[in-house]
Amino acid sequence: MNSKTRPAEKIYMAVIFLFMYAPIVTLIVLSFNKSKSRAKWGGFTFQWYLNLVRDSEVLNAMANTLIIALIATVVSTLIGTAASVALTGMKRRTRSLIMGVTNIPMINADIVTGISLMLLFKVLHFDAGFVTVLIAHITFDIPYVMLSVLPRMKTISPSVYEAALDLGARPFFAFRKTILPDLAPSILSGALMAFTMSIDDFIITYFTKGSGFDTLSTKIYSEVKRGIRPEIYALSAIIFVAVLILLLLSDRMKAQTGKLASRARSAGNQKIKKIGAVIAVAAASIAIILMALTFGGVFSKKSTQVFVYNAGEYIDPDVIELFREETGIEVVYDEFESNEIMYAKVAADGAAYDVLCPSDYMIAKLIDNDMLMKLDWSELPNAQEYIGRQYYNSASAFDPANEYAVPYCWGTVGILYNKELVSAPVTSWDVLWDPQYKGEILMQDSIRDAFMVALARRGFSINSVNPDEISLATQDLIEQAPLVQAYVIDQVRDKMIGGEAAMGVIYSGEAIYTQRENENLDYVIPDEGSNVWIDAWVIPREARNAENALKWIDFLCRPEIALMNFEYITYSTPNTAAQEMIEDELIRNSKIAFPDEETLSRCDTYISLGEEGDRLYNEAWKKVKSAN
Amino acid sequence: MSKELITLSHISKSFDGQLILDDLNLVIHENEFVTLLGPSGCGKTTTLRIIGGFETPDAGKVIFDGEDITALAPNKRQLNTVFQKYALFTHMDIAENIAFGLRIKNKTDQYIKDKISYALKLVNLEGYEHRMPDSLSGGQQQRIAIARAIVNEPKVLLLDEPLGALDLKLRQDMQYELIRLKKELGITFIYVTHDQEEALTMSDHIVVMNQGYIQQEGSPEDIYNEPENAFVADFIGDSNIITATMVRDELVRILGVEFACVDKGFGTEKPVDVVIRPEDVELVPRGQGQLAGVVTHIIFKGVHYEMEVQAGGFEWLVHSTKESPVGTEVDIRVDPFNIQVMNKPESEDEQALGVEDV
Amino acid sequence: MWKMFKDRRKAGALASPYFAWALIFILVPLMMILWYGFTDDAGVFTMANILSIAQPEHAKSLLLALELSVISTVICFLLAYPLGMILAKNRMSSQGIITTIFILPMWMNFLLRTFSWMTLLENHGVINGVLEFLHLPQIRVINTPGAIVIGMVYNFLPFMIMPIYNSLAKIDENVINAARDLGANPVQTFLRVTLPLTVPGIISGVTMVFIPALTTFAISTMLGGSKILLIGNVIEQEFTLTYDWHLGSGLSIVLMIFIVVNMVVSLISEKKDEQ
């Protein structure tokens, strides 16, 4: 056959290659981007690579990913290879039946596999975490090993094995000496496939992981909604380049040993090659284990821990570090994207976290369902002294006797718009229904906020559970859907900075940050009124480390800590002492951070809708989302 | 002699800078059973593939029936191939396999049906129409491959080591089968093999190849009895190949003893190689022969005994129906016409073209 | 197939860890889904969860998921087949290259790769930047079904290429030569021999692209701007947002019907292949 590659073929391959690698190149470039926002090139920097060394969260996730992949690969390779060998000794019918079962995790949708395992673990009262993820990974890895080993096993001639048995070798010895060497390449490629799948898996891990445990995938997913921290780009770039180098080296080694072998077919060479491979694999494994031991949260279950579940990017990482240093308490820190997701997690396992930071209406729901612990205020001197009285008063809307919650941040919901793209002054929610801005509008991907906008626009209560009002709001949102570019949460920030959209619904805290990055942006609370919200710390009733949780809350209420936090996350703090300490006058007097009484009087807090109300909203929201 | 059907002239071909065929010239006559014989890597398969159209030579021409077909696509050539390992279409049953070429040519259903049953009858596999290829034995698959090729009524059938994958008994049966087919069809067969026995049994004409060169051409008898060089001698059957000196015409000195021979024209006192077939070495009682020796080894081979005799510092291979036990002191005698004298290769290059490759 | 074990019981013992594993972690969990799917909160048998697929918003998300995954599968096939042929023809069988090219991207996390497409496809993204530089018209694809299809094709293309390449590389070159030898031109050879011989590869490629594409929720969330709800998103929300396991399981069972259909088709073709 013609073995020359024609130019058309080369071009075709190049196009596919470009398609496969364009995103990867993009990520590597982003890892050198000085700006935290992926929408903007802020100059070249190595900072994220340097930060990586200190970013224990990302390193933890990475270590977990590697150790899970390694153990899952080893176990699934052993089980899968043994099964493949054994299957050849079985009846054809049995074999096809077994292969059918084996194929289930491969053919089945990941989402179904993940959910089915999650249900199993729940029913067995398995603590979701390292072990459950590992089991899940082994389960979906086994088929890859078997599908690689079984076909090879079928082609192996039994004569050598039988000869070895004939010479008196015990079966295992005979197997090791005769069949295993033939099988080795297929076992290796099956193992490599299993390892890769394990590293890359997201969906199954997502459903089987518990609290406080993240692999790189789940870590990234939780960050996707609000913009991934650049350290992750840096880490991925390092992994990618490392694997690339390893592959190139092994290819080169193969080519070289191949040449040597063809020149002189000496047994010694073969042996050296073999030993080399074994050493390489062993070295890699040891490196992974060491890394896991150093950074991994895998084996640490110390008593002096506190499991924190906070909204995304809602704390200065240095604050966590300071707390750890001062108290010696290990902080297992998890982030959620929305109150609803937080609720689902906590409802599933009330002991998963020791301290949560939900929003007002969700706290009401938690109280209603008797899921929270009354706080021991004697342990919270800072909370009593420095958090402004008015905020406790507001909090009584959802926590009537101020028994459960310590306010952490507060703010309003409004419209962030780009002055260059929107000429007329924005004063009303109506602007979000203006066809002129089709495809330029970002809506909040959260049920309450989306309906709040629609309800407020019509002058209804933002806590309405009146089916007629909800149905009107639903109609409005469906009508608005074609104009909406995307439903997002914290991504509003990046997209607005990058000029991707003309306007978006956003929390006041984000507005301050985005204005810093793009001065054309302005924040408005529409005249119809809006939501004023309070996020507060609460402790679940079943928390295991309630004492540490109290220490955590009180630590955050220290004025200097609250100030540090405010400057980092830019969400308004209810800590009056901290407010006074803000140095930047513009911010201290900012209308966005600390709106005046008149504006606040137009705003309402969310209250819990009750079960029936939740159902009403959920169904309406599904209708809106599937309207496109 | 019948007319020339295929002419290969000055064919060269290399792969990855390695020369496979070097200026090859070959004429194949109509109705011949021609065998290309040689060790693997000798270029015989490449030659066949060039005739079949699966390779294009780097230089040279392929003339078929007076027409230059060097650049013609395989599907436009009036010849068909039986491939190594059969190359049946595993996704079609036997009838569909055989019908493949006819369907391409848009023959009528009736014609195709007739042809299928004719071909299956010819290869003794009637009733196999609806079996799948994988369910057939190797020998049966081979017959189907042949049937698939011959229904297209080619002028030439190319066979690329067709019996290589079969066991010994089956191979021998198939050899007779192929001779019968050749006679019934009355077409030209070009057959590639590395098995000298196959070649000797079936062929009208044998082309011995090594390292891209034709070493010798001729009838099986010529090739066997009068190998032109040590490679051919060694490759065809067992031989005693001994370095000797041509004293003058019709006299050669082997291991220090002068033997009468029938060869002339090598000059005087010239180094040569001589080939003596094991069955041509006679063992006679001590004193009655030309060279004294001792039997060192003996095995019974059925038709004959195979013995090794140490004589004149050389280990002679001897086939004889008479048993001479180990240790027997014997003399060796060779008739003049059983001594085949060959030129000794003069350079290393020439050597390379000769012995030792397999 | 040869018998390594004269004694079946020994074979059984060797495979027992696997049997146990498959039973506990593959079959039992599936039973759980069935149980949840066919019961309500009170544990009473109901078909309501399954039938809820007929609700307009569920049916719509399923149909849209079907449409997008079929389109993605077809595109993957059309892209992968020629590529497989080029790779097989050039005997890049030194598997190394194939794995290097198509496995390597998997070491960059799946979500990150998809996320990266956001940066590429956005209205002011990288691709539009390049187009603007070349004075070409801009694309507006982010947050549309088109972007989701791109994400699906990108993520699942390797799963189509590998089985197709493997089945192409397995074809004896002489089988192709035989077809040519018997008078078939290149097109006839392709349609009558090459393509039918790679059907098993195509089926496994189609399965490995279609199923994950049908059930994805991450790709649609990221590249569809949460505007486009696929059946995967609905199921995910039932489990993580509205917390209705029964409904989620019921919808999963509906998904499994498609998976089973796909499995049966590939089993039948496998059997045919083995005959």
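**Strand pairing and a chain contact**

A:Phe307 has A:Val332, in strand 2 of chain A, as its bridge partner. The model is predicted: local features need pLDDT of at least 70, side-chain atom pairs count only at pLDDT 80 or more, and totals for chains, interfaces and linings use all residues. Residues are numbered from 1 along each chain as its sequence is written, while chains are lettered from A and ligands numbered from 1 in the order in which they are written.

Strand 1 (residues 305–311) of chain A pairs with strand 2 of chain A in the parallel sense, over 7 bridges. Strands are DSSP runs of E with at least two residues, helices are runs of H or I with at least four, and both are numbered from the N terminus; two strands pair if DSSP finds at least two bridges between them. In chain A, 3 strands make an open sheet with parallel pairing, in the order 2-1-3. Strand 2 (330–336) and strand 3 (355–356) of chain A each have a single partner strand, so one side of each lacks a neighbour in the sheet.

In chain B, strand 11 (residues 240–248) pairs antiparallel with strand 14 (residues 270–276) over 7 bridges, and B:Thr243 stands opposite B:Asp273 of strand 14. Strand 11 of chain B also runs antiparallel to strand 12 (residues 251–254) of chain B, joined by 4 bridges. These two strands form a hairpin with 2 residues between them, and B:Glu250 in the turn has a positive phi of about 65°.

Chains A and C meet through 83 residues from chain A and 84 residues from chain C, where contact requires C-beta atoms, placed from the backbone, within 7 Å. Helix 1 (residues 7–30) of chain A gives the largest share of chain A's side, 11 residues.

Notes:
Contact = placed C-beta atoms within 7 Å.
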